[in-house]
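Please keep the sequence and the coordinates at hand while reading.

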Amino acid sequence: MKPRTIAIGDIHGCSAALEALLDAIGPRPDDVIVTLGDYVNRGPDSRGVIDRLIALERQCTLVPILGNHDEVMLEALAGQRGAFSELIDMGGRATLASYGAEKITEADLVRVPPDHRAFLSRCRDDYETDTHIFVHAQYDPDSPMAEQSPHRRRWDSIRDGIPDSHISGKRAIVGHSSQKSGEILDVGHLVCIDTFCYGGGWLTALDVDTGETWQFDRDGRARSAR
Ligand SMILES: [Mn+2]
């Protein structure tokens, strides 16, 4: 069978959705799965999400991209000033609770095991194939991806304006700007597959070559079954 390139949108601690989605996809050794970032915060089981992604690395080629939430978690883990309170402001209580924290203080960061820290540390700023760009949030249409600021790629929203087609001519697959409608935003040169799983929408996966999609809710129910 032909190797697939499949993108997965913002997971935000929704491990039941991720588990069901991967069961439906059935990853094969020659598949490339690009996760668009924001693994942690808000949803109930960030620990389970990272465990599942680490396991997925043994089933296929996983290309994990770093989201802005994951970036703040890394900064908090590194002890960067202000990062812990920023993490909490961004829904980090649920993240630390998933690691067994109860009162939730900065000291609870030690609960995050080394293999999870290592996973977040090896996430990338973006990924490109011959036909597609994968990035968490946004891009500058006029410059090569490698020259763009990490802030642009991880934090800027397409709600402030959908960028023109990238100079490479490649189609961009992004997350970050949650589509509260639950529907994929497809404007041709850009597709946003953050379909608001933790907030009651779907976790979406997209085969970027065939257009096949998979969608599951935070309880692991298929959209087609609802
Ligand atoms: Mn984000």
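In helix 3, the residues Asn68, His69, Asp70, Glu71, Val72, Met73 and Ala76 are buried, where buried means that 20 or more other C-beta atoms, placed from the backbone, lie within 10 Å of the residue's own. The model is predicted, so that local features need pLDDT of at least 70 and side-chain atom pairs count only at pLDDT 80 or more, while totals for chains, interfaces and linings use all residues. Residues are numbered from 1 along each chain as its sequence is written.

- Helix 3 spans residues 68-77 and is mostly covered, with seven of its ten residues buried; helices are DSSP runs of H or I, at least four residues in length, numbered from the N terminus.
- Its buried residues are covered by elements including helix 4 (83-89), helix 5 (92-98), helix 6 (114-121) and helix 7 (150-155).
- Glycine 79, with a positive phi near 80°, follows helix 3.

**Helix 2 against helix 6**
- Helix 2 (residues 46-56) packs on helix 6 at an angle of about 70°, their axes lying 10 Å apart, with axes fitted to C-alpha atoms over the stretch in contact and angles running from 0 to 180 degrees between N-to-C directions.
- The two helices, helix 2 and helix 6, are therefore roughly perpendicular to each other, a term that covers angles of 65 to 115 degrees.
- Ile50, Leu53 and Ile54 of helix 2 meet Asp115, His116 and Phe119 of helix 6, contact requiring C-beta atoms, placed from the backbone, within 7 Å.

Terms used. A residue is buried if 20 or more other C-beta atoms lie within 10 Å of its own, exposed if 12 or fewer, and partly exposed in between; C-beta atoms are placed from the backbone. Two residues are in contact if their C-beta atoms, placed from the backbone, lie within 7 Å. Angles under 35 degrees count as roughly parallel, over 145 as roughly antiparallel, 65 to 115 as roughly perpendicular and the rest as oblique.
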